[in-house]
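Here's a quick briefing to read alongside the sequence and the 3D view. Have both open as you go through the points.

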Amino acid sequence: MIGTTNEGRSVRGYTMHSATSAAPRRYKLIMGCLVLFALSLPFNGIEWNIISIPRFELKPTMITFGVLLFALALNSSRVKMFAAHKEKFFYSCVFFYGLAQFASLFNSTFPLESLKQGIIIVSLLLVMVVTSRIASDKRAVEYALAATGVLSILISILAIIDYYFISSAVGRLGARGGKIVGTISMGGDAIYFGDILLYSVGAVFFVLFKLREKKLLKLLIAPILIFWFSAIAVSITKGLILAVFFFLLSATALIKGKRIFMSACVIVFLSVMILNFKIIPNFKSNYFLTQIGSLSLIERLDVTSGTGFNAIAIRKKAIILSWKSSLSHFWFGWGAGTSQKILPEIANEHDRNIDPGSHEYHAMHRDNTYGEEANKSLTDSHVFFLTEFFNVGIFGLISLVGIVVFVIVEQFKVVMRDRDGDIINVLLFLTLISMLIYRLTQSLIVIPFLWFVMGLSLGAAKFYRQREGINR
C-alpha cells in the first residue's frame with residue numbers, strides 16, 4: 001500500500017506535507033493517469049510499427065502506462081512504499097514467475113521469441129503491481145470502474161449498430177478486423193473482443209448501479225443491457241457467454257439488496273441470447289439480411305452440431321498433447337511464448353505416428369481433428385495455466401497459481417465479511433473469477449486485461465483491510 005511518513009498527514013493514501021499543498025494536485029494527477037490508462041486498455045490491439053521489431057510495436061497502453069509510471073515517479077520522493085508481511089508471498093510469486101520466463105530460455109528452441117515473451121510478461125506483472133498500489137485508494141477504484149464501464153457500454157453500442165445496420169461484412173463480432181462503425185479498429189479477433197467485454201463486466205454493472213440512483217437515468221438501464229448483452233451474443237463465443245452467465249447468477253446470490261434487479265438482468269440476458277440466435281436470423285428485413293449471412297456461425301454454440309463438436313474435439317486434442325509434452329520439459333518448459341510454434345508440430349508428429357488401424361485414428365478422422373490442416377489451430381492448449389506449464393515449466397506454473405490464488409483469497413475474505421461498501425469487491429471478485437473461467441477456453445496470456453483486474457482486485461481488498469484495521 002502507499003503509506004505516510006511522520007512528516008505529514010495522508011490524503012487518500014498519499015502523503016501531504018505541511019509545508020506544501022502540492023499533495024492534492026499530485027493525487028489528482030495520478031488518478032487522472034490511472035483513468036487514462038484504463039480508457040486505453042480496450043485499444044491495446046492497435047499497433048504502430050515504429051522500431052520494426054515484431055511483438056514490440058508501439059501501443060496506446062504503452063504510452064498511457066508510461067505516463068502513469070512517470071506520474072508515480074514524480075511523487076516517489078514523498079511516498080513511502082511498503083508491503084504487509086503476508087504480501088511478501090505474493091511478491092515472491094511475482095518475482096519467480098517473471099524469473100521463470102527467462103529460465104525457460106535454457107530449453108527454448110526459439111530463444112529470441114522467449115526473450116520477447118519474458119519482457120512482455122514482466123511488463124504485465126508491473127501493470128498488475130502498480131495498479132494494485134494505486135487501487136488501495138477507494139476513489140481510484142471507483143474512477144477506474146466508472147471509466148471502464150462507460151467505455152465498454154459505448155463500444156458495445158457502436159459495435160452492435162455497425163454489425164446490424166452499417167457493415168456489409170458477415171462474421172462474428174470482433175472477427176472482422178475488430179472494427180466498429182467501419183473505421184475504429186479494436187485489433188484482435190472475436191476472442192479478444194470478448195475479453196474486452198468480459199474484463200469490464202463488473203465495471204458495467206458498477207455504472208448501472210449508479211444509474212439506478214438517478215430517477216431519470218434509470219430509463220437508460222434496459223437499452224444499455226440489450227446492447228451490451230447483444231455484443232456478447234454476436235461474438236458467438238461459448239466461453240464468454242458462459243462466463244457472463246456465471247457472473248450474473250453469482251452476483252444475484254452475493255449482492256444483497258439488488259437481487260431482484262440482478263434476477264431481472266438474468267432474464268434480459270437470456271432473452272437477448274434468444275433474440276440474437278433465434279429471432280433475428282429468421283427476420284427477413286433489409287437491415288439484417290446482409291448480416292445474418294450464415295447460420296453456421298451460430299452452430300458453433302451447439303456442441304452437438306458438426307461445427308460445435310469439432311471446436312470441442314480439437315481443443316481436447318490440444319489439451320492432451322500440451323499436457324503430455326509439458327511433462328517431458330517439466331522443470332523449465334519448452335520456452336516462454338513458444339507454444340504457438342511448437343504445439344502444431346507436436347500434433348503433426350503425433351498424427352504421423354498414430355496407428356491407422358487404431359480407434360483414435362478413426363475418431364480423429366470422424367471429428368476432423370487429423371492432419372496438418374486441422375493442427376493449424378492448435379496454437380496452445382486454450383487453458384491459461386496449462387499453456388504456461390508448457391511454456392515455462394512447473395516453477396512458472398506454481399508461481400502463476402500462487403499469484404492468482406493470493407488475489408482470489410484476499411478478495412474472497414473481504415466479500416464474505418459482508419460489510420457496507422463491499423459491492424465493489426464483489427464486482428471485482430466475480431469479474432476475476434469470470435475471466436478465469438473464460439481462460440479455461442482461451443489462454444490470452446499476454447492480454448493485459450486479466451493483469452489489470454487482478455491489480456484492481458488486490459488494491460480494493462487492501463483498502464478494505466486498511467479501513468477495518470484487518471491485519472490477518
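**The second largest pocket**

The second largest pocket has 15 lining residues, and the ones nearest its centre are Ala-313, Lys-316, Lys-317, Ile-320 and Met-364. Keep in mind that this is a predicted model.

- Helix α12 supplies the largest share of the lining, at eight residues.
- As for volume, the second largest pocket comes in at about 330 Å³.

**Nonpolar cores**

- The largest nonpolar core holds 111 residues, and Phe-205, Phe-229 and Leu-248 are the ones that touch the most other members.
- Take Phe-205: setting aside neighbours within four places in sequence, its contacts are Leu-225, Phe-229, Phe-247, Leu-248, Phe-261, Met-262, Cys-265 and Leu-427.
- Apart from that core there's another one, made of 11 residues, including Ala-318, Ala-347, Ala-374 and Leu-378.

**A buried glutamate**

- Glu-113 sits in helix α4, which runs over residues 111-134.
- Is Glu-113 buried or exposed? Its relative accessible area is 18%, and because the cut-off for buried is under 20%, Glu-113 counts as buried.
- Once neighbours within four places in sequence are left out, Glu-113 is in contact with Arg-55, Ala-336 and Lys-341.

- As background, most residues other than glycine have a negative phi.
- His-382 has a phi near 70 degrees, which is positive even though the residue isn't glycine.
- You'll find His-382 in the loop that links α15 (372-375) and α16 (384-417).
- His-382 is also buried, at a relative accessible area of 13%.
- Leu-444 is another non-glycine residue with a positive phi, here near 50 degrees.
- Where is Leu-444 found? Look in the loop between α17 (423-438) and α18 (449-468).
- With a relative accessibility of 16%, Leu-444 counts as buried too.

Definitions and conventions: Residues numbered from 1 in each chain as written. Predicted model: local features only at pLDDT ≥ 70, side-chain atom pairs only at ≥ 80, totals over all residues. Heavy atoms only, no water. Helix = DSSP H or I, 4+ residues; strand = E, 2+ residues; numbered from the N terminus. Buried < 20%, exposed > 50% of the residue type's maximum accessible area, 1.4 Å probe, protein only. Contact = heavy atoms within 4.5 Å. Core = buried A, V, L, I, M, F, W, Y, C linked by side-chain atoms within 4.5 Å. 1 Å grid on protein atoms, 1.4 Å probe; cavity = no way out; pocket = protein on both sides within 12 Å on 5 of 7 lines; lining within 4 Å. Points joined across faces, edges and corners; volume = space filled by probe spheres on them.
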